[in-house]
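Open the model in your viewer and keep the sequence beside it. We will go from the whole chain to single residues.

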Amino acid sequence: MSNPPSRSLMKILFSNFLNSLKPRQMKGNFVGEDYFGNKYYEIPANPSLGQRRDQRWFEPTEKEAYNQEVTAEWEAWLRGRRKTPPTKEELMRNLAIMKMKAQNAAALEAKFAKPKDAAELPKNPTGMGSFPQYDEYEMMPGKGKHEK
């Protein structure tokens, strides 16, 4: 029987130390841009350095704005739910669909909108009138339908 190869603790420590001295990639590779102007970057995974997943991020058009919009396709790529970044054709097709849906919604709203001068129901009715009243049930126990 042959002995399995042994791991030397000193060898592991020394190799990890040498790997830590190697220069790391700090600047990402440019991957693409969306129609908002956000730029997307990626650093590929490097399992030899213990990096199992790709590092992905985006640079917004306005650095100080906290409510940045990111398209659904790019967000899926950023979160790792899709492996390849979206293409320009895919982004433009989905943007056209989004605009068409907004136009259709505006047309339906204009078609079915109520006139503003129509009488509106009270927003929050209170009291006994706010509850449904059924003829087969008594309003007060032991009394008739309309007795109080």
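**Stop 1: the whole chain**

Remember that this model is predicted. Colour the chain by secondary structure. Follow them along the sequence, and the order reads α-β-β-β-α-α.

The chain exposes about 13400 Å², and 56% of that comes from carbon and sulfur atoms. How many of the 148 residues count as buried? The share is 14%. Next, consider contacts between residues at least 6 apart in sequence: 31% of them join residues at least 24 apart.

**Stop 2: E42**

Select residues 39-43. This is strand β2, and E42 lies in it. Is E42 buried or exposed? E42 counts as buried because its relative accessibility is 17%, and the cut-off for buried is under 20%.

Show the side chains of E42 and R56. They make a polar contact at 3.2 Å. Then display the other residues around E42. Leaving out residues up to four places away in sequence, E42 touches G28, N29, V31, D54, Q55, R56 and W77.

**Stop 3**

L21 counts as exposed, because its relative accessibility is 56% and exposed means over 50%.

Technical notes: Residues numbered from 1 in each chain as written. Predicted model: local features only at pLDDT ≥ 70, side-chain atom pairs only at ≥ 80, totals over all residues. Heavy atoms only, no water. Helix = DSSP H or I, 4+ residues; strand = E, 2+ residues; numbered from the N terminus. Buried < 20%, exposed > 50% of the residue type's maximum accessible area, 1.4 Å probe, protein only. Contact = heavy atoms within 4.5 Å. Areas by Shrake-Rupley, 256 points an atom, 1.4 Å probe, with all protein chains shown as cover. Polar contact = N/O pair within 3.5 Å; in protein donor to acceptor, adjacent residues only side chain to side chain.
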